[in-house]
Amino acid sequence: MRKLTRKNLDELAKVMPILNENIQRSFIGGGAGTQEDPYTESEYDQMVASGTWNGGYVDGWGYTFSDVTITGSQGSSNNNDTSGNVSGSTYNPNEWGGIDSGFWNAGGDSGAVGDSGDWWVYGSSGDISGQVVPNTGGGGGGNVSPISGQQMINQIIWESSQSTFINQASILYGIDLSKIIFKASTDRAAYAWIGQNGEVFLGNNFFNLTSDKQLRILLHEYFHIEEDKSYSTEEKNIQTTLPQPPLEIKNYIMNVICEGDEFSYQQIMTHYTLRDPRYYSNEINAYTKERNMFTNISSEEKAELDYRIWYFTELKKLADQYYN
Amino acid sequence: MKIFKIHLSTFLLVVLYLISLDIFSQNEDIKVNFSFRPPNEFVCQIQNTTKYQVNILLNREAAEGHSDLHFDYVNYGEKDTVKYISYLLMNDINQSQILRLDSGEIYTVSYKEYFPKRFVRANVYIKYGIKTLGRLEYYRKTFDLDEIRKKGNQKRCEKLFNK
C-alpha cells in the first residue's frame, strides 16, 4: 500500500479540481443562517429562488433581510438616514450608514439600476429593506424573487397573466389582488399556500388548472389573507366522529373521495385530532365566499365546495365543545 | 390425559398470544423512515408492515386533519422562532386521497429544501385503516432532522472516501 504524502497531494492537485471553502461548505449542507454559521451566497441565491428566504446571515454580507423593494432611480440612492449620490465606488456594507447588511452591489461602478446590471437596492422611503442578487431585473419597482428551472417558467407564465387576473378580480368581484405578492414555487404539492411573510406561493399544479379555477384559488387565498381571524396552533388529541352528512354530501364523499369504498368513508368520518374552532371558521369563511361568488361553476365543483363547507362546519361544531 | 390437557392449554395460550400480538401491535402496522440525501433532500418512506392492505387517508389541504407531514422550521432573526408548516404527504395534489399500500409496500415522498438546516423536526401523522381487520388507527412520530442530516452527510462522506 502506498503511503499518502504531501507530495502525492500536490500531484493530485495538478490533475483534480480544488474546491474553495465556500463550495465545500455548500457541498456538505452549508450554513445555518446564524452569525457563527452564515449561509453561503449560493445558498442564499437558491433560497430566494425558492421563496423561502426569511432573512439570516450570509457569508461576507452580514445579516440580510427578507423583503426587497427596488425602485428604479438611476445614478443615485438613499440609505436609511441620509440621502445622496453614490457613484464611482463599490459599496462596502460596513462603511455605509451603520448598517452591516441589507445592501449588495453587484460589483459595478455605481448605485445605478440600469442595463449594466449594476444596481443598488433600497426601499421607496429610503429605508433599506433587503437584498437582491444580480440579473433579476430591477428598475421597474416591486419585489424581486429570482427563480430557476420549472419555477422560472411558472414565474414567467404568472407574470404574463397576473394583470389579467387582477383585472378580472377587480371588475367581476370588486377585489383588489394587486397588493398581494404572488410567487411561483415548486416546494409543495398544494396548488397555493400562504408564506411566512403573507405572500402567496403558487405551486406547480396551479399552472395546469383552467383560468377560472386559478382565479378561484387566488381569491380563496385572498380571503385568508384579508379576513382570517387569529387562532391557536394547538392541536388536541380527541377522537370524534362526524355526524351523518346530507345525502348529496355523502354521495360526493363516497363517489369522489372514497371511490365507492365504505371503509374509506368511515375513515374520513373518524377524527383523532381537533383544532381551534377559529381555524375551521377561517376555512368556512373562505369557502363560503368562494361558493357565493362563483355561481357559474360546474356541478362537480359546486359539490366539492358544499362538501368542504359542510366538513369544516361540522369540525368547528365538534371543536367548539372541547375548546370553550 | 393430564399431559394432553397441559399441552392443549399451552397451545391455546400461544395461539391467543399470537392473535393478540397481531391485533394489538398497532405501532408495528406502519414503519416510517426519514433520511437525508445531501445536499438538500429529505426523504420520507412509509412502509406497510402488516400482512394486509393498509388504507392511508391523505390531506389535500392542511385543515382536513388527515395524514400530513409538518416541518418545524426555524426563522432566524432577533428572536428565533419555530413555525409548524404543513407540507402534505402527497407527491401530486391530483393523486387519490386514499393511498392503498399492499403488504410490505413502501410509499416515498421527498422534499428538496434550499436551507435544510432550518428544518429542525419532521412531524408525521398518519391516519390509516386495515379494511380486512375493520380497524381504524393513527400513527404519529417526530423526527430530529439535525440527527438525520448528520447521518446523511456522514454516509455520503464515507461513500466518497471509500471510492
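This note goes through a few features of the predicted model, chain by chain.

1. Conventions. The model is predicted, with local features needing pLDDT of at least 70, side-chain atom pairs counting only at pLDDT 80 or more, and totals for chains, interfaces and linings using all residues. Residues are numbered from 1 along each chain as its sequence is written, while chains are lettered from A and ligands numbered from 1 in the order in which they are written.

2. Two helices of chain A. Helix 6 (residues 247-257) and helix 9 (residues 299-323) of chain A pack at about 105°, and their axes are 9 Å apart. Helices (H or I, at least four residues) and strands (E, at least two) are DSSP runs, numbered from the N terminus. Axes are lines fitted to C-alpha atoms, for helices over the stretch in contact, and angles run from 0 to 180 degrees between N-to-C directions. Helix 6 of chain A is therefore roughly perpendicular to helix 9 of chain A (angles of 65 to 115 degrees count as such).

3. The residues between them. Helix 6 of chain A contributes A:Glu248, A:Ile249, A:Tyr252 and A:Ile253 to this contact, and helix 9 of chain A contributes A:Ala303, A:Glu304, A:Asp306, A:Tyr307 and A:Trp310. Two residues are in contact if their C-beta atoms, placed from the backbone, lie within 7 Å. By class, there are 6 nonpolar, no polar and 3 charged residues. Ala, Val, Leu, Ile, Met, Phe, Trp, Tyr, Cys and Pro count as nonpolar, Asp, Glu, Lys and Arg as charged, and the others, Gly among them, as polar.

4. Chain A against chain B. Here 41 residues of chain A are in contact with 34 residues of chain B. Helix 7 of chain A gives the most to the side of chain A that touches chain B, with 5 residues. By class, that side has 17 nonpolar, 20 polar and 4 charged residues.

5. A sheet in chain B. In chain B, 3 strands form an open antiparallel sheet in the order 1-2-7. Strand 1 (30-37) and strand 7 (106-112) of chain B each have a single partner strand, so one side of each lacks a neighbour in the sheet. Strands pair if DSSP finds at least two bridges between them; strand 1 and strand 2 (residues 41-48) of chain B have 8 bridges.

6. B:Tyr125. This residue is in strand 8 (residues 119-130) of chain B. B:Tyr125 is buried, because 20 other C-beta atoms lie within 10 Å (buried requires 20 or more; 12 or fewer is exposed, and in between is partly exposed; C-beta atoms are placed from the backbone).

Conventions
Angles under 35 degrees count as roughly parallel, over 145 as roughly antiparallel, 65 to 115 as roughly perpendicular and the rest as oblique.
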